[in-house]
Amino acid sequence: MHASAKLEVLGRPSSINVRKVLWLCAELGIPFEHQPWGLGELSLQSPEFLALNPNGHIPVVIDHRPEGEVVVWESMACALYLARHHGEARAELAGVGGLDAGVEGEEVGAAGDLRQLPQHG
């Protein structure tokens with residue numbers, strides 16, 4: 001991983017769902033490393049990948065935070081996580097009523113490790 005990047009995005013670039021996450025990282029100015037899992041020897045069914053996402057689907061985001069590593073999967077959960085925790089958008093989203101209430105259960109269901117983060121509200 002690059003010294004300045006604390007975020008990894010896993011998934012083949014031909015996937016529309018992976019491209020959504022890559023686009024959001026670029027829009028928010030988040031430094032990241034992209035790993036093309038799902039191509040060649042980077043199998044989505046490997047034990048290494050399934051340890052990150054037991055569903056074996058992409059994208060997966062790994063955020064190396066000071067308090068510990070956070071793993072998020074499913075494109076909507078990844079996008080919400082990135083918007084809440086990175087870039088200038090996090091301050092704007094904090095005041096959006098109903099955003100958290102409408103998707104919190106969906107996000108937690110899609111990304112088990114996200115349950116460990118403090119709830120917003």
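Student: Which residue just after helix 1 takes a positive phi?

Tutor: This is a predicted model. Just after helix 1, a phi of about 70 degrees is found. The residue that takes this positive phi is Gly-29.

Student: How many degrees is the arc within which the buried residues of helix 1 fall?

Tutor: In helix 1, the buried residues are Val-18, Val-21, Leu-22, Leu-24, Cys-25 and Leu-28. Seen down the helix axis, they line one face, because the arc that holds them is 160 degrees.

Student: What is the distance from the sulfur of Cys-25 to the nearest cysteine sulfur?

Tutor: The structure holds 0 disulfides. The nearest cysteine sulfur belongs to Cys-78, and the distance is 8.8 Å.

Student: Is Cys-78 buried or exposed?

Tutor: Cys-78 is in no disulfide. Its relative accessibility is 0%, so Cys-78 counts as buried.

Student: Which element supplies the largest share of the largest nonpolar core?

Tutor: The largest nonpolar core has 26 residues, and Val-60 and Leu-82 have the most contacts inside it. Elements that each supply at least two residues of this core include strand 1, strand 3 and helix 3. The largest share is 6 residues, and it comes from helix 1.

Terms used
Residues numbered from 1 in each chain as written. Predicted model: local features only at pLDDT ≥ 70, side-chain atom pairs only at ≥ 80, totals over all residues. Heavy atoms only, no water. Disulfide = S-S within 2.5 Å. Buried < 20%, exposed > 50% of the residue type's maximum accessible area, 1.4 Å probe, protein only. Core = buried A, V, L, I, M, F, W, Y, C linked by side-chain atoms within 4.5 Å. Helix = DSSP H or I, 4+ residues; strand = E, 2+ residues; numbered from the N terminus. Arc of directions from axis to C-beta.
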